Amino acid sequence: AAGAPGGAMPRCVHCGEPIARLHVTYSPGNVSLSQCEACHSTADPYIEHELVVVCIDAVLHRRAAFVHLLYNREPLHHVLPAHCRRLGALSVFLSAAFKLTQLRLLHMSNPGEADLSLAIVGEVLRATALSAAEHFVFVVAAAAPVLSWAWGGGESSQKQVRRLYAALTLPTLSRVPALLLNTWDDDASVMLLLGMLTLSVQVVAAGAVMEPRYRAEGARPVAAAVASGVLLQLALRLAFLSARDVVQLGVVL
């Protein structure tokens, strides 16, 4: 029999209830998926699929895909501090890279060699610092404490916050396609649509770790918490960038 390693209880991706194991192995090649006793559905059909299929379903706002990623799949179901640090660092790096490319911050007009090096270092540090501050304000200072307070899970409070942090940070990796789009289309309206998609996916991902309260109360508390984080992030962005630059970044991306 197989469950989630490390003592963590896996979850049914349909109803969010903890289950003892995801599958039972009778012999090599003879595996039976476990059935959830609460909803009588196959607890996690995603364990038979590749990661790319799970990611596509996550983008399509299927909460079950996030339950699978955050509770049942290596390595995120452990939600170790090291995993959260790496995920946060990647998010900040992508955010800084997006700012540098979308705002053409590294395009200098005929500076000297020494001035060019200093200017590039300065712009990279500025973009990285702003991205780190935005990340902190959105995920840590705004959305995470509100959602953690509203969440009635049974795990330790530290593990709750880490799992919620992962749920809110994973969708920010949408900046990868945004960076790719920069090669042929950097229109602000496209970035705005991608930013709105990211926010809606964050609501779904946060809801995945708030079961069963999410099913009882709906998406409104989650959406309100995410919105509060967005407003603080936008205020910070406007303090350091022009309104034109904020629009060019897709406002919320």
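Guide: Happy to! A cavity is a set of grid points where a 1.4 Å probe fits but cannot get out, and its lining residues have an atom within 4 Å of a point. Please keep in mind that this is a predicted model.

Visitor: Which helix gives the largest share of the lining of the largest cavity?

Guide: Three helices, α3 (81–102), α4 (113–150) and α7, each supply at least two residues of that lining. With 5 residues, the largest share of the lining of the largest cavity comes from α4.

Visitor: Which class has 9 residues in the lining of the largest cavity?

Guide: This cavity has a volume of about 150 Å³. Of the 16 residues that line the largest cavity, F138, T172, R175, Q202 and Q233 are the closest to its centre. Split by class, the lining has 5 nonpolar and 2 charged residues, and the class with 9 is polar.

Visitor: And the largest pocket: how many of its lining residues are nonpolar?

Guide: The largest pocket has a volume of about 460 Å³. Its lining has 19 residues, with C55, A58, L69, L170 and L173 nearest the centre. Of the lining residues, 2 are polar and 2 charged, and the number of nonpolar ones is 15.

Visitor: Which helices each supply at least two residues of the lining of the largest pocket?

Guide: Among the residues nearest the centre of the largest pocket are A58 and L69. A58 of α1 and L69 of α2 also take part in the contact between those two helices. The helices that each supply at least two lining residues are α1, α2 and α7 (188–208).

Visitor: What is the hand of the crossing where α2 passes α7?

Guide: The axes of α2 and α7 are 8 Å apart, at an angle of about 60°, which makes α2 oblique to α7. R63, F66, V67, L70 and Y71 of α2 meet V201, V204, A205, G207 and A208 of α7. By class, this contact has 8 nonpolar, 1 polar and 1 charged residues. As α2 passes α7, the crossing is right-handed.

Definitions and conventions
Residues numbered from 1 in each chain as written. Predicted model: local features only at pLDDT ≥ 70, side-chain atom pairs only at ≥ 80, totals over all residues. Heavy atoms only, no water. Contact = heavy atoms within 4.5 Å. Helix = DSSP H or I, 4+ residues; strand = E, 2+ residues; numbered from the N terminus. 1 Å grid on protein atoms, 1.4 Å probe; cavity = no way out; pocket = protein on both sides within 12 Å on 5 of 7 lines; lining within 4 Å. Points joined across faces, edges and corners; volume = space filled by probe spheres on them. Nonpolar A, V, L, I, M, F, W, Y, C, P; charged D, E, K, R; others polar. Axes fitted to C-alpha atoms, helices over the stretch in contact; angles between N-to-C directions. Parallel < 35°, antiparallel > 145°, perpendicular 65-115°, else oblique. Left-handed = near helix turned anticlockwise from the far one by under 90°.
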